[in-house]
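Take a look at the model below. This report goes through a few of its features, one at a time.

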Number of protein chains: 2
Amino acid sequence: MSSETRLSSTSYIVLGLLDAAGEATPYDLKQTVANGLGAFWSVPHAQVYAEPERLAAGGYLSERREEEGRRRRYYRLTPAGQQALREWLAEPTDEMTELRDAGMLKVFFGADPKQMAAAQLPARRRKVAEYEALVEQIAGVAPPGVVLSLRAGIGHEREWVRFWSLVEQGEEP
Amino acid sequence: MSSETRLSSTSYIVLGLLDAAGEATPYDLKQTVANGLGAFWSVPHAQVYAEPERLAAGGYLSERREEEGRRRRYYRLTPAGQQALREWLAEPTDEMTELRDAGMLKVFFGADPKQMAAAQLPARRRKVAEYEALVEQIAGVAPPGVVLSLRAGIGHEREWVRFWSLVEQGEEP
DNA sequence: GGGTACATGTAATCAGTTACATGATTTA
DNA sequence: TAAATCATGTAACTGATTACATGTACCC
């Protein structure tokens with residue numbers, strides 16, 4: 001275990017996914033992120049390979065490598081990894097992420113709001129529809145937290161639709 | 001001008017602020033970000049010093065340095081910088097930022113939603129109150145885009161309050 | 001049996017974060 | 001005048017992004 005292994009959100013995503021999967025390769029994790037979590041917190045391809053290596057070096061994961069063929073790497077949680085995840089889950093947070101919305105940033109610096117509304121609305125409406133279809137599929141079968149985060153996503157996309165619709169109509173949002 | 005200077009959101013923030021300020025030091029920019037923009041898109045201290053240097057190397061800014069005392073660096077837009085900013089502003093975007101909310105991430109992986117709601121609600125309510133006070137102060141005097149982005153922030157914080165309130169009451173959000 | 005798409009990684013670069021450092025100004 | 005705080009940066013590190021590269025399976 002190297003001297004200091006800082007655990008970032010990316011780290012906990014890997015730990016959380018491996019906790020659910022039992023044992024998995026980076027590629028498995030990539031797939032899992034793509035189906036679900038990635039909608040509100042994606043992890044780029046290369047990180048999904050780099051992060052388990054870091055975590056293994058820190059003692060949070062054990063690694064088993066195929067001897068032949070593709071020489072895939074299989075990871076699973078060590079007791080230290082399980083404990084780190086449990087502690088992180090048990091600690092509620094009041095941290096608030098910044099909006100960091102690219103369209104809003106342009107408007108802040110003087111871009112035309114109505115034009116921005118016209119560009120944003122179709123994409124936002126598509127997202128709402130997509131998420132609503134998805135939530136119907138998974139409600140009841142997926143873990144409650146997964147459904148909740150999807151509902152959070154729907155709420156925020158609807159808020160954007162509300163906001164840009166008013167802007168489009170020249171009303172005060 | 002070095003071969004390739006990629007312009008990121010941080011770059012455009014620096015360009016946008018300098019466009020409004022005329023001429024400014026990194027420290028001036030830091031202050032300006034702290035009052036307003038930083039609420040929905042902050043830029044860390046060290047970046048505010050590093051980015052103008054990069055932009056100057058790329059030909060987007062000109063630099064003038066005090067000969068004495070603190071040897072402050074004063075930056076201003078070059079014509080290339082003005083054009084880059086104008087083009088960026090003129091191009092609407094349908095890009096959608098991921099939520100990346102730390103509390104939701106924990107709930108996704110199994111943290112207790114009610115406990116998270118209890119931690120989140122006070123902070124979210126404070127933000128709403130703070131923003132609402134601020135918008136009353138600046139409405140009418142600040143540029144419209146600045147007011148709009150503040151209203152966007154209010155909308156999203158209210159959405160979080162709505163969401164976590166329902167979770168707290170055990171209802172479906 | 002040749003092309004295309006999926007699977008599985010590595011390497012290089014770049015941006016963002018943390019930590020450190022020092023001069024100037026205000027206040028006790 | 002000593003202490004505290006504001007102003008102004010630099011350096012080192014680490015994590016994230018982009019680009020590259022190759023093997024395998026499937027399909028036409």
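## A residue in chain A

Which residues does Ile154(A) touch, not counting residues up to four places away in sequence? They are Tyr131(A), Glu132(A) and Val135(A). Keep in mind that this is a predicted model.

Ile154(A) sits in helix H7 of chain A, which covers residues 144-168. Is Ile154(A) buried or exposed? Its relative accessible area is 6%. Buried means under 20%, so Ile154(A) counts as buried. Now compare its position with that of His45(A). Along the chain, Ile154(A) and His45(A) are 109 residues apart. Their C-alpha atoms are separated by 25 Å.

## One face of a helix

Turn to chain B. Helix H2 of chain B spans residues 26-34. Which of its residues are buried? Pro26(B), Leu29(B) and Val33(B) are. Viewed down the axis of H2(B), the buried residues fall within an arc of 55°, so they line one face of the helix. An α-helix has 3.6 residues a turn, so residues three or four places apart point the same way.

What do these buried residues pack against? Their partners in chain B are helix H1 (9-21), helix H3 (45-57) and strand E2 (73-77). Just after H2(B) comes Gly36(B), with a positive phi of about 125°.

## Where the chains meet

Chain B and chain A are in contact through 60 residues of chain B and 60 residues of chain A. How much area is buried between them? The value is about 5,900 Å². Carbon and sulfur atoms give 69% of that area. Three residues stand out on the chain B side: Phe108(B), Phe109(B) and His156(B). Together they supply 12% of the area that chain B buries against chain A, more than any other three residues.

The interface also has charged and polar links. Two salt bridges are counted between chain B and chain A. Arg151(B) forms a salt bridge with Glu172(A), and the closest N and O atoms are 3.3 Å apart. The rule also finds 19 residue pairs in polar contact across the interface.

## What chain B brings

Which elements give two or more residues to the side of chain B that touches chain A? They are H1, H4 (79-90), H5 (102-108), H6 (113-138) and H7 (144-168) of chain B. H7(B) gives the largest share, 15 residues. By type, the residues on this side of chain B divide into 31 nonpolar, 15 polar and 14 charged.

Note on methods
Residues numbered from 1 in each chain as written. Chains lettered and ligands numbered in written order. Predicted model: local features only at pLDDT ≥ 70, side-chain atom pairs only at ≥ 80, totals over all residues. Heavy atoms only, no water. Buried < 20%, exposed > 50% of the residue type's maximum accessible area, 1.4 Å probe, protein only. Helix = DSSP H or I, 4+ residues; strand = E, 2+ residues; numbered from the N terminus. Arc of directions from axis to C-beta. Contact = heavy atoms within 4.5 Å. Buried area = accessible area lost by both parts, 1.4 Å probe. Salt bridge = Lys/Arg side-chain N within 4 Å of Asp/Glu carboxyl O. Polar contact = N/O pair within 3.5 Å; in protein donor to acceptor, adjacent residues only side chain to side chain. Nonpolar A, V, L, I, M, F, W, Y, C, P; charged D, E, K, R; others polar.
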